[in-house]
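Student: Hi! Could you walk me through this structure?
Tutor: Happy to, here it is.
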Amino acid sequence: MDTKISEIFNAIVDGDASAAKQTVQSALEAGIDAEIILNEGLVASMKEVGRLFEEGEYFVPEMLISARAMQAGMNILRPVLIEQDIKPSGKVVIGTVRGDLHDIGKNLVSMMLEGAGFQIVDLGTDVAPEKFLEAVTEHKPDILGMSALLTTTMSNIKTTIQYFEEKGVRKDVKIIIGGAPITQSYADEIGADGFAPDASQAAALAKRLMGKA
Ligand code: B1M
């Protein structure tokens with residue numbers, strides 16, 4: 001791996017946001033292609049963070065800190081990527097369902113998805129089915145992600161899917177779901193396309209659904 005790329009990789013795995021910014025800037029100034037910085041630096045480092053999390057070496061705080069470092073690097077890279085018109089892996093609209101204000105897990109999922117090269121439209125928390133539909137109609141994402149942390153709000157995922165069915169748009173978008181009370185069997189029962197128990201598996205699932213895993 002190029003030294004400048006490995007500096008970016010290490011800064012993100014170590015969760016050092018200011019080093020992530022500096023190393024991305026320095027790689028750009030050295031003339032390294034933005035797509036290489038994205039794939040071999042940012043995306044690869046978040047893949048490594050996901051691996052460390054799955055193996056129990058990293059926990060949620062470390063993953064959040066690394067995700068923030070990745071975001072810091074992404075903020076430097078994003079304008080260059082936009083200028084070069086590099087195609088993202090896909091587009092994801094994401095939100096926490098109606099009645100639910102928990103957003104830490106959803107934000108972590110968004111960051112891991114962005115790290116995996118997806119373009120994210122984040123609707124925030126307490127998102128009503130109508131607002132999800134509006135966003136899907138406007139942004140035409142490949143994937144819709146819904147998060148719920150409360151046993152009292154998880155049924156709003158089902159309500160949203162039913163609303164999409166009623167409006168005849170359910171087949172227009174893949175739906176992935178997650179959050180502490182959600183299980184694979186619940187996802188199957190309500191007709192979601194996928195469930196992930198954590199952020200790194202959410203990114204892997206999204207890639208699989210796009211046929212890119
Ligand atoms: Co609340 N809360 N909370 N809370 N809160 C829980 C969820 C609770 C389990 C605490 C407890 O009682 N032990 C409990 C729910 C009980 C239940 O329903 N069975 C609870 C409750 C009861 C409440 C209130 C009702 C409390 C009250 O007011 N009486 C209230 C509800 C407010 C509302 O939403 N309407 C409330 C409020 C809050 C705060 C605002 C104080 C705060 C949220 C701040 C914020 O998010 N900005 C809060 C917090 C922080 C928690 C706990 C402590 C931590 C949640 C968290 O951020 N975890 C939580 C207890 C716990 O979980 N141990 C609790 C870290 C985060 C990284 O994990 O969100 O699970 P998580 O996300 C994971 C995965 O689930 C998955 O990936 C993430 C990363 O690995 N994932 C997805 C999540 N979304 C996904 C989407 C995907 C795929 C994977 O695809 C789209």
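Tutor: One term to begin with: a salt bridge is a side-chain nitrogen of Lys or Arg within 4 Å of a carboxyl oxygen of Asp or Glu. Glu114 forms one with Arg78, with 2.6 Å between the closest N and O atoms. This is a predicted model, where local features need pLDDT of at least 70, side-chain atom pairs count only at pLDDT 80 or more, and totals for chains, interfaces and linings use all residues. Residues are numbered from 1 along each chain as its sequence is written, and side-chain values use heavy atoms, with hydrogens and water left out.
Student: How many salt bridges does the structure hold?
Tutor: The structure holds five. Another of these pairs is Arg51 with Glu48, at 3.0 Å from N to O. Because they sit three residues apart in helix 3, about one helical turn separates Arg51 and Glu48. Helices here are DSSP runs of H or I with at least four residues, strands are runs of E with at least two, and both are numbered from the N terminus.
Student: New topic, what are the domains?
Tutor: The assignment, which is automatic or from a database, gives domain 1 (3-83) and domain 2 (90-209). Their C-alpha centres lie 25 Å apart. The contact (heavy atoms within 4.5 Å) takes 15 residues from domain 1 and twelve from domain 2.
Student: And how many salt bridges are counted between domain 1 and domain 2?
Tutor: The count is one.
Student: What area do domain 1 and domain 2 bury between them?
Tutor: About 1,100 Å², 72% of it on carbon and sulfur atoms. Buried area is the accessible area (1.4 Å probe) that two parts lose on being put together, summed over both. On the domain 1 side, Val43, Met63 and Leu64 lose the most area to domain 2, together 31% of what that side buries.
Student: Last one: which protein residue is the donor to the ligand's cobalt atom?
Tutor: His102, the single donor from the protein, through NE2 at 2.2 Å. Donors are N, O and S atoms within 2.8 Å of the metal (3.2 Å for Na, K and Ca), and sites may look incomplete since water is not among the atoms. His102 is in the loop between strand 1 (90-96) and helix 5 (104-115).
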